Amino acid sequence: MRITATVNGTTHQADDVWPGESLLFVLRERMGLPGSKNACEQGECGSCTVYLDGVPVCACLVAAGQADGRQIVTVEGLAAGGALHPVQQAFIDAGAVQCGFCTPGLLVAAHDLLARDPSPSEADVREALAGNLCRCTGYEKILDAVRLAAARLAAGPGGDGA
Amino acid sequence: MTTSGREPGREPGQSGLLAPAGRAPSRPRRAPDGVPAEADRPGAGETAGIGTSVRRPDGRLKVTGEFAYGSDLWMDGMLWGVTLRSPHPHARIRSVQIGEALATTGVHAVLTSADVPGQNAYGLEHADQPVLAADLVRYAGEPVALVAADHPETARLAASRIMVDYEVLPPVTDPVAALAPDAPALHPGGNLVRHLKIRKGDPEPTADVVVAGSYQIGMQDQAFLGPEAGLAVPDGAGGVELFVSTQWLHVDQRQICAALGLPAERVRLVLAGVGGAFGGREDLSMHVHACLLALHTGKPVKMVYSREESFFGHVHRHPVWIDYEHGASSDGTLVYVTATMHLDGGAYASSTPAVVGNAGTMGAGPYVVPNVRIDAYGVYTNNPPCGAMRGFGSVQAAFGYEAQMDKLAAALGMDPVEFRCKNAMRMGSEGPTGQVLDSPAPVAELLRRVQRMPLPESGSADLRSLPGGVGNTTHGEGIVRGIGYAVGYKNVGFSEGFDDYSTARVRLELTGGEPVVTVHTAAAEVGQGLVTIEQQICRTELGVGTVVVVPKDTSVGSAGSTSASRQTYVTGGAVKAACEAVRERLLARVRERGERELAGLRLADGLVLADGAGPVGAIGEFLDAGPIEETVQWRHRPTQPIDPETGQGFAHVQYAFAAHRAVVDVDTELGLVKVVALDCAQDVGRALNPQAVVGQIQGGSAQGLGLAVMEEIQVRDGLIANPSFTDYLIPTILDVPPMRIDVLEYPDPHAPYGVRGVGEPPTISSGPAVVAAIRAATGRDLARVPVRPEHIAGPA
Ligand code: FES
Ligand code: FES
């Protein structure tokens, strides 16, 4: 079957998609967007998190056909025009990236959290990121990164809020 | 790297790094990245040398999704490889029929053991594991056949059509029973992989106070998030290039060459992006398989394990059964320890001999004990193979000896921290192998530091901070708080006489009129941040800000393994030594110019400096004569094999220590545990990148927590019952508490910059501290980890 979707603002089309393929497989293997990761393909780790019509989902649990005609944003689409989004920059600055395999999914989840709640409490951050596994960091620096991003976003463009 | 579908992607040579010479012409479109020079370059006035928390150079690629992990690699016309694995833990293979599989549309190859051209056996220490099982399978999940097809689903379908006729044999699953004289021998030499003996002091000691306990540690999985993956590309001339996520390129290359029957120059390896390792990538997984399929089909072949397959595709942490007995005098001085340990190595040896070595030689813990008798056995069974995982033998022993320390303290009526401090090792202490600690060993200080840290508030009303969380299982009733302490230690680097070295090539040259350093090692970056450390060392030693890290591959000599907390020490030492050699040659050029006598020549901030004079000149001025390149092989001081009868000898080059204090809330009715705080003090010798050091300690602590309360591969009759992230639980952000980290820096005079390995110690003491805290809250013995709810709330 043919899948057409808007991914990161651009129309992408994939042909000969086998009905059993997930959105994650189509993004990674047919659309040349391997940023979303494949750590479990079972909905348990969050490494494949993308926006589907503005809502974060596990792309591994979405059948490719369900994504036809819809709007998708992946980690590759968070930064505009070569500049990093403050959440991305904060992950680098806070040391929240080690192997980085969890990072794309966590970035989408954190991006979504801060869009909904610009100053979440620590318990709120933990709850929002509870579906994203990280094996390297022990999560402390991920929490630091979300706090740093929130502060920088609150300070507005130019402010560093740190 | 490409973000534009089938459009031509950016190739490594275009991304700002220097492509090593001698590359095969056909590069994957998504190929492993090196580190672009322009990314995260230090700003003006920032030296970004050692001791600074400079940002990782691959951070930008990782947050934009452009970093190419093994599973992201992609080439035009590539095939997908899959593995058919045995469903039985022990069986004879009568026949394998591949006809129907081969006839499946889209299938390009189906291979069995008959297609392995070289030696059908590999292994880190003993070549006892077949590439593809020939006549016998020894564990459930053992590879039997391979398929390459144009779609992964086609390959899986074809694999399901391979007919294997098995004669099922009874599995040997108990490591103690496996050593019985009448147990079936699983390998030609029997079922004993190694028996390590430590005999020190009085063989028949007596003591005022004696405590004994039997402990069991479950099988833990590394659970790195990036699955085993790689891409093998045939070179068209009988050789192959393998891009793979791994921990030690050269040991892979050696084993692959033996299996393929090819010389090293025909098998090139390049490190693909690695999504965590923790020991689980030290053994081969898909390496030989992908190469076989690529050579057979003449096409690039990619293999990526699913999460389920990953549980079968790598070794795990050894489950261990330990009987301890400790004796102390009534004043609280340790008199003796005896221990018998059985480590279940599973079907193949992997690194079992070295894990046994660690569990035994460090089995008394970081304490001074004059009389030691330890027997540690590594055993073959038909369980999943076990090998390296962060902490490597020391983790399992620490659960036992730290439980014993608490028991002894209670029996003596002493405070558990005071009791530990009274018996703690220090510099100059003699360990159970007779080795005298010749660098700082601040065991007591680490304990006192975590003890002094502020305690968390108790009694939050937020459900999310209670055991059971939003499961709404309690509003505070039945909750008891407990506090526990533990300290542990581990050797750094490879031990017992192993020739442990690394190789670094460093080049200093003018690029666009500016001095640029290029550093090339084969040391695997697995997430820990070695690429950052390599840059920092070059900046410090050569005074040049721009340092390019070449992709890791086998075109430079071995760096040894990214394991045993060794790379900052050993590859860091090699990079430092190579920089020193480059600097000597540059300074020789300075002296040749010799307008005046110059003392104290050195490099900093792009300048050549001398004592009592202004800058002698810019570094770049002395590079007009051409680049300077040096390749250096660097070794730490040698260790020795231990005596086979007494276990005595200078076995380990360095020890590293950490202590934890855990605070837990336990729902004593339901047996649920919430770890409220997990604070750590660790001596790192010298923190080359303080932020990365803290990240290692926090991540390592979380893995220890996982083993203490949730992580276990459940094996029944040789079968893994929970090979998924649905059933094998690793800690989430709700399970890991805030972690306060106190980093001590007491330099080791024997190590470059005084560094001490960092990655493993936090995984050793965090779990025992958590279990001690649960014991304190519940009064239960808890002799088995992970601790399950029924151990807390069930019948005592
Ligand atoms: S890969 Fe989708 S949740 Fe793990
Ligand atoms: S950084 Fe490795 S899994 Fe999170």
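Predicted model: local features only at pLDDT ≥ 70, side-chain atom pairs only at ≥ 80, totals over all residues.
1. Residues are numbered from 1 along each chain as its sequence is written, chains are lettered from A and ligands numbered from 1 in the order in which they are written, and side-chain values use heavy atoms, leaving out hydrogens and water.

2. How do the two domains meet? In domain 1 of chain A, 14 residues are in contact with 11 residues of domain 2 (contact means heavy atoms within 4.5 Å). About 1200 Å² is buried between these domains, 66% of it from carbon and sulfur atoms; buried area is the accessible area (1.4 Å probe) that two parts lose on being put together, summed over both. Y51(A), V75(A) and L78(A) supply 40% of what domain 1 buries here, more than any other three residues.

3. How many salt bridges cross between domain 1 and domain 2 of chain A? The rule finds zero, a salt bridge being a side-chain nitrogen of Lys or Arg within 4 Å of a carboxyl oxygen of Asp or Glu.

4. Now look at R147(A), which sits in helix α5 (residues 140-155) of chain A; helices (H or I, at least four residues) and strands (E, at least two) are DSSP runs, numbered from the N terminus. R147(A) counts as partly exposed because its relative accessibility is 41% (buried is under 20% relative accessible area, exposed over 50%, partly exposed in between, with a 1.4 Å probe and protein chains only). Beyond neighbours within four places in sequence, R147(A) is in contact with E122(A) and E140(A).

5. On to the two chains: 67 residues of chain B are in contact with 55 residues of chain A.

6. Chains A and B do have salt bridges between them, seven by count. One to find in the viewer joins the side chains of K302(B) and E29(A), at 3.2 Å from N to O. As for elements, α13(B) gives the most to the side of chain B that touches chain A, with eight residues.
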